[in-house]
Amino acid sequence: KPVVDRIIRVDHAGEYGANRIYAGQMAVLGRSNVGPVIQQMWDQEKAHLKKFNELMVAYRVRPTVLLPFWNVAGFVLGAGSALLGKKGAMACTVAVEESISNHYNNQIRTLVEEDPEKYKELLQTIKQFRDDELEHHDIGLEHDAEAAPVYSVLKTAIQLGCKAAIFLSERI
Amino acid sequence: KMAAAAAAGSLWRAGWRLWRGRAVVSWQLCPPQRAVQASAVLRRVSDEQKKEPSVSSSQFDLHPNDYQPEQEPQGPHPSYTGQGGQESEDYESEEQLQHRILTAALDFVPEHGWSAEAIAEGAKTLGLSVAAAGMFHSDGSDLVLHFVSQCNTKLCELLKQEQKQVQLGEAEKKPTDQFLRDTVEARLRMLIPYIEKWPQALSILLLPHNIPSSLNLLTSMIDDILHYAGDQATDFNWYTRRAVLTGIYNTTELVMMQDSSPDFEDTWRFLENRVADAMNMSNTAEQV
């Protein structure tokens, strides 16, 4: 029970944050030619969030108390990276999606170790979402993320932030 | 020093459990020696190799006069570590026995308050020696926590029943404010038989070593009430609603302490007003 609790709480926070990141990116780049691409990824994240909202109610899990903070931080990250240009936004996407995919993979490993039968549905959901996030990651690469200014620094910084966010949201 | 460290460890673990949503209610933060003593006491009665063969049954109430508390063990009793397989099928677990004693002790609370005396009297009615009260904390904490836990369980059962009735179409779904009012009233009414001594219970619940458990019990109860009220918030409202309901519950409880109106009607009116305030606040917040 505590395992599932944490998983749902942190994933919910993650999808919520991802939503806000794309919202921030759209606010800056909505009218550019990558607007539709970002919009499409954003819509998928909205669907993910909806699913986790449902799971949260079904499993009676407490949301992280840091949600208002992720609300602002996500938007700022999205908008900030978009202000660095289209490639900057794509670099942010690549960094975040890579973090999230690794994170989902870890969760899948944990659940499979625990009891794959019991958590079948949850595993299915997480696997599906992990595949979606990997797709976003590839889209980001396709759109010249690596050509972004200070790509490696940006990527490292954002991934560090993601690790911290995951650590905190699991617990608080 | 070992006991203090162990107790501190238990406290930390209990506090940590608080961070997790629905933690298991395990408020028995007794230091290790008590567990050992308790098990030793129980093992001694069921141990068929002891000097008093007449105490061979594991049902305590059969031979009340034969059970004599011999010298309490100093430190780990040898039988604690390995009696496995000798207990009979219907051997009562330690926890079940403690529950029975505490439940029996509740009858004596109006007279003795939430104390070791009440627990001792309760143990007597079960045919046990008053020394059985030594299994518990000397300040009556275990009795209060047991009672609160029992009330919360009863409340949960009540809510489940009501929910089933609504699902089967036998009852109408109540509007939120009425649901909250009725639920809080039902829960507070469980205090009425003990209302004289409830202020003492509240002060016991606020003792530092009880705070993790009492907070845990309070938060689970509030979470249960909101769950059955149909709360599906997954944003910060989750916290706001629980905080507001906790405030309503606690203030109403305090009002009830010094309410002398017939059947506590002042308290229920206070409750109605607070719930109405809360609904107003949330409606206004939505409009803004």
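Me: Which residues of H11(B) are buried?
Reply: This is a predicted model, and in it the buried residues of H11(B) are Thr267(B), Trp268(B), Leu271(B), Val275(B) and Ala278(B).

Me: What do the buried residues of H11(B) pack against?
Reply: They pack against H7 and H10 of chain B.

Me: And how far apart are the end C-alpha atoms of H11(B)?
Reply: They're 33 Å apart. At 1.5 Å a residue, the 23 residues of H11(B) should span 33 Å, so the two values agree.

Me: OK, H7(B) came up. Which residues are buried there?
Reply: In H7(B) the buried ones are Phe179(B), Leu180(B), Thr183(B), Val184(B), Arg187(B) and Leu188(B). They cover an arc of only 150 degrees around the axis, so they sit on the same side of H7(B).

Me: What covers the buried residues of H7(B)?
Reply: The cover includes four helices of chain B: H6 (141–167), H9 (211–229), H10 (237–257) and H11 (265–287).

Me: What span should H7(B) have at 1.5 Å a residue?
Reply: H7(B) runs over residues 176–189, which makes 14 residues, so it should span 20 Å. Its end C-alpha atoms are 20 Å apart, which agrees.

Me: Zooming out, how many helices and strands are in chain B?
Reply: Eleven helices and zero strands. Read from the N terminus on, the elements go α-α-α-α-α-α-α-α-α-α-α.

Me: How much of chain B is buried?
Reply: 42% of its 288 residues count as buried. As for contacts in chain B between residues at least 6 apart in sequence, 72% of them join residues at least 24 apart.

Me: Back to helices. At what angle do the axes of H6(B) and H9(B) cross?
Reply: Roughly 10 degrees, and the axes come within 10 Å. That angle is under 35 degrees, so H6(B) is roughly parallel to H9(B).

Me: Which residues in H6(B) and H9(B) meet?
Reply: From H6(B), they include Leu145(B), Val148(B), Asn152(B) and Leu159(B). On the H9(B) side, Leu217(B), Met221(B) and Tyr228(B) are among them. The residues of this contact divide into nine nonpolar, five polar and two charged.

Me: What about chain A: at what angle do H1(A) and H4(A) pack?
Reply: About 170 degrees, with their axes 12 Å apart. An angle over 145 degrees counts as roughly antiparallel, and H1(A) and H4(A) are therefore roughly antiparallel to each other.

Me: Which residues make the contact of H1(A) with H4(A)?
Reply: H1(A) brings residues including Val3(A), Ile7(A), Asp11(A) and Tyr22(A). H4(A) brings, among them, Ala89(A), Val96(A), His103(A) and Leu111(A). By type, the residues of this contact are eleven nonpolar, five polar and five charged.

Me: Where does Val112(A) lie?
Reply: In helix H4 of chain A. Val112(A) has 38% relative accessibility, so it counts as partly exposed. Along the sequence, Val112(A) and Leu123(A) are eleven residues apart, and their C-alpha atoms are 8.0 Å apart in space.

Me: One more. Is Asp231(B) buried or exposed?
Reply: Buried: its relative accessible area is 13%, and the cut-off for buried is under 20%. Asp231(B) is in the loop between H9 and H10 of chain B.

Me: Which residues does Asp231(B) touch?
Reply: Leaving out residues up to four places away in sequence, Asp231(B) touches Leu226(B), Trp238(B), Arg241(B) and Arg242(B). Asp231(B) and Arg241(B) are ten residues apart along the chain, with 8.8 Å between their C-alpha atoms.

Key. Residues numbered from 1 in each chain as written. Chains lettered and ligands numbered in written order. Predicted model: local features only at pLDDT ≥ 70, side-chain atom pairs only at ≥ 80, totals over all residues. Heavy atoms only, no water. Helix = DSSP H or I, 4+ residues; strand = E, 2+ residues; numbered from the N terminus. Expected span 1.5 Å × (residues − 1). Buried < 20%, exposed > 50% of the residue type's maximum accessible area, 1.4 Å probe, protein only. Arc of directions from axis to C-beta. Contact = heavy atoms within 4.5 Å. Axes fitted to C-alpha atoms, helices over the stretch in contact; angles between N-to-C directions. Parallel < 35°, antiparallel > 145°, perpendicular 65-115°, else oblique. Nonpolar A, V, L, I, M, F, W, Y, C, P; charged D, E, K, R; others polar.
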